[in-house]
Amino acid sequence: MGLRLEKIIALQRNPANTRNLCILAHVDHGKTTLADCLVASNGIISSRLAGKLRYLDSREDEQIRGITMKSSAISLHYSNGDQEYLLNLIDSPGHVDFSSEVSTAVRLCDGAIVVVDAVEGVCPQTQVVLRQAWLENIRPVLVINKIDRLIMELKLTSQEAYGHLQKILEQVNAVTGALFTSKVLEERAEKDEEKENETPSGDQVYDWSAGLEEADDSQLYFSPDQGNVVFASAIDGWGFSIQQFAHIYSQRMGIKAEVLLKTLWGDFYLNAKAKKIMKGAQAKGKKQLFVQLVLDNIWSLYDAVVIRRDKEKVEKVVTSLGVKVMARDSRHSDPKVLLSAICSQWLPVSQAVLLMVCEKLPSPLDMMAERVEKLMSVGARRFDLLPEQTQGLKRAFLQCSSEENAPVIIFVSKMFAVDTKALPQNRQRPLTQEEIAQRRELARQRHAGRMAADQTAAESHTDLAQSRSTPQDGQPAGLSGAKMESLTLKDSKEEEEQKETFIAFARIYSGVVKKGQRVFVLGPKYDPARGLNMLPEGCSAADCAPEVPHLSCCSVESLYLLMGRELEELEEVPAGNVLGIGGLEECVLKSATLSTSPACPPFTPLNFEATPIVRVAIEPKHPSEMPKLVRGMRLLNQADPCAEVLIQETGEHVLVTAGEVHLQRCLDDLQDRFAKIDISASKPIIPFRETVVRPPKVDMVNEEMGKQQKVAIIHQVKEEASQGRSSDTLHVDPSGLITLTTPNRLATVSVRAMPLPQEVTRLLESNTELIRTLEQANMSLREGKSLDISLRTLEAIAGLKAELESLLQGRKWRNAVERIWAFGPRRYGPNILLNNVEGYQRPSVWQCLDRRDKADETGAQSTAIRDFDNSVVSGFQLATLSGPMCEEPLMGVCFSVERWDIQSSGLPQHQDSLEEDPVSPEVLTDRKVEGSSKTSLQEEGMPAGLTQARHRPEAASADCYGPVSGQLIAAMKEACRHAFQAQPQRLMAAMYTCEIMATAEVLGRVYGVLGKREGRVLQEDMKEGTDVFSIKAVLPVAESFGFADEIRKRTSGLASPQLIFSHWEVISSDPYWVPTTEEEYLHFGEKADSANQALKYMNAVRRRKGLYVEEKIVEHAEKQRTLSKNK
Ligand SMILES: Nc1nc2c(ncn2[C@@H]2O[C@H](COP(=O)(O)OP(=O)(O)OP(=O)(O)O)[C@@H](O)[C@H]2O)c(=O)[nH]1
Ligand SMILES: [Mg+2]
């Protein structure tokens, strides 16, 4: 290890020969197996074990389940001729549940090996990882793995295999092509926008292909002749790029290597007579060069060694290839052993892959300016609006310099826990002679001390000084040394056992980080402009006393080289490397940016593809162990990039995870490592959404429906309203308009609920980030600040608005987009509040688009009106956060405020003394414009207030506007809830999509399981050239638990689905439905709860939340008994 470590440390100083790369793929396509081969090439594991050990899957559960759950890194070296390379390799998980681990890996790399299974081809996660690599601007190379399966399982001929491989390449390139096109079009749109701004005429004819042609895509696509594709079988240890074969055959056949390189892949064939390579193999029915010169060799090797086990032929091959095979390999009962022995010498996969990586992937020095800007401009902020010093740091990134004066810039993408005992500092190592001597001396002294102590004890501690003469032990006098020693030993042991140390998984982009150095820790919300203003010039992390928000300091306690299962301690790490950092656990939760310069901006947050959706409540088996659980959950939260830990209002401790497998891993970790107590987890808490729909046209037995249903609903609402609440403040219009007055009678709102068109809901759902940005922009406009949104974001907002306009058509939605008051819940959710109050003008939510420079206009609204406006919005936010069905958030509901009256005394500052009628806002705003002089008359206790107080005694107590706006919030919330209930209500269920690969014989069983769990098949394709079907289905999250396991069991492990959260879907049945017609009674019985899935879900949620559940338990006991008897 020592020598290797030294070599790696030396190589770290040469960024030109460093490659930071990760291995990405769909689950089970062979990433970890491939990594094994690369690790074995460094002698860290034996090549015999490569592929079996899965060295980088260091966790026990990873080994048991056979899937990777955490990404882990290892540093390897590789020499190619006279060049020595350092490779920092990160293996990532492929299972969807862990896709956040992929994000953390991708961020630290410059390149990626994308692995694709030759049989399964491009799978959903393959697309996701290609996208992730694309979004982070890192360059991919391709490994088509498991080619042995084409021979052994699919039994393709070499010719068929060629066609198959071609298709896979096409598929992969189609994905990258789509990513590329979308980017080019986007950039072009941006350019056009800029142009348009310059020349406001705007009437241009667009040339759609423009831009695409100019853009350079030569590096983009995977093609064997580009040298960015390796064909491999990681398990059998072989792999090659066509360069290798070009090299071999150029020597053997005397054809120029360059010619072979261009023709080995493609429709070329060898004309033996003419000694020429010709085009058009397929048309002429000839074997392609690739088949003839490459695949045939491999096919015949498999045939000889594995299929026919022909000893003579094998010997011939072995001698012709010039490889050496050990006797025990050739005699081994498993022919695969012999095969790997031959292949790993003939075409070692590590050689092919490492060579490709070093040649095709960029070094840290090649970092593109575009990527740097992307990393540095957080959210919607524009790079060119960052402070000058900050922009200057771009150079540091690009230079990747390890000079002493270069600023240190580090990004921590995740924190991972290791057992403190496993740290190199605490590892046992052989003792040197000196140390042994030292220990002996210590022991002797201790012994002497003990003797002395015993003596003193016997002399009833008269001579304390003597027992103090053993300072090495550091023990208080008076206790028997031996006892004390065993005590302290035990203590520290226990402490150690308890302890998990957090190491930051990081990369250094600039400068040299040294052990003990102090750095700034920049939180995601840190603003360099503000930091630079507040900190004194030339301030460093060493002397900082930061009062700056989101900025703290800490010292780098230790630095590590990540070596898979092990860590090696380092003194310093220069720019361009992946590293582990100890001692940050107090100041970094999950990810962070570290720098010695306060000008450094925090990096953009990681792109997480997975939505955490599976939540469980957790409690300790023994209630007294609660504190341990709390601590454990805190640690878990830190150790996992995507798990969320929260305490609900109910006091439950809730864990939110990306899926079932992820959940299981989190629970295991919590139980065994972080809390070390027995825990019990609730059943998964399934999220629902509440919505309203248009009144259905047919009833439950598909009969045309008359008016009576609608009436029934309204009747129901009225009934409910009259229960408990005084109905004189509530008025329900037969059309569903709810008018509610605050208890103090000062304010009245009229609200109507409407379902949003599905596409609109979907649009809002997919644009939450954008809406949040929009909301923030509006907020800062309201505060009178200027906008610093990038052009691209503004463009996107305008696009969103235009799309909304095109989707909200028809009379009902006339002008609706302009009149949007707010989004909710949390101000960016998929519900809309509409301002349909006649004559009430308020600043549009789109104001950042057209009033960019006129921020002051917003000031036109009087403060009082603004407060009421805010109250209405707050009420709407509350109402959408938890609906009346089972207190779940609303989705796809539009609340339109149609009237809004505030009694005059609610507005102490802005009314006329003689005003007695309700004042509608329009009048108020008008008056405000007229001039504020009139308002001076109004004070509390003035005549107007008195007259009103006579009419309404409560009003007198309502001082100022506070209580009114408070009551208005509550009234608005209630009005929304009632308006919601006045419409046909539905639950929405979260849906997964899943793609299942299954062979024809198990297909039926897959459908069976899907059907039982209310799944729906969307699409079924046969993968070309195989008998594997790929089924795409949707499945409610509520029914998904145990689904993957069940499928696996029913198909004996042949089909393994990947569940990915997809969308929300309305459950068609009405939870409040009761049979009304004769047929319905006949069909469903009186209780009618047999078929009502929505009711079951709703009641389950209500029960969990401790809400009232209306249930008819047993009404006709007699009847039921006879029923069961008759069965
Ligand atoms: N036939 C064949 N099987 C392979 C090959 N490479 C890997 N496998 C098998 O495929 C399975 C999955 O391999 P892994 O390396 O764990 O796959 P992975 O991509 O790391 O999987 P995750 O990390 O869980 O996403 C194992 O059973 C391997 O033995 C190959 O070249 N040929
Ligand atoms: Mg793996």
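**Exercises: a chain and its ligand**

Residues 24 or more positions apart supply 74% of the contacts (heavy atoms within 4.5 Å) in the protein chain with a separation of 6 or more. The model is predicted, so to speak of local features we need pLDDT of at least 70, and side-chain atom pairs count only at pLDDT 80 or more, while totals for chains, interfaces and linings use all residues. Residues are numbered from 1 along each chain, chains are lettered from A and ligands numbered from 1 in written order, and side-chain values use heavy atoms, without hydrogens and water.

**Exercise 1.** Find which residues come nearest to ligand 1, and sort its shell by class.

*Solution.* Next, sort them: four are nonpolar, nine polar and six charged. Here Ala, Val, Leu, Ile, Met, Phe, Trp, Tyr, Cys and Pro count as nonpolar, Asp, Glu, Lys and Arg as charged, and the others, Gly among them, as polar.

**Exercise 2.** List polar side-chain atoms that lie close to oxygen atoms of ligand 1, with their distances in Å.

*Solution.* Look for N or O pairs within 3.5 Å. Take Thr68 first: a polar side-chain atom lies 2.6 Å from a ligand 1 oxygen. For Lys146, the distance from a side-chain N or O atom to an oxygen of ligand 1 is 3.1 Å; for Ser233 it is 3.4 Å.

**Exercise 3.** Work out how much of ligand 1 the protein buries.

*Solution.* Alone, ligand 1 exposes 640 Å² (Shrake-Rupley method, 1.4 Å probe); the protein buries 84% of that.

Key:
Near = heavy atom within 4 Å. Polar contact = N/O pair within 3.5 Å; in protein donor to acceptor, adjacent residues only side chain to side chain.
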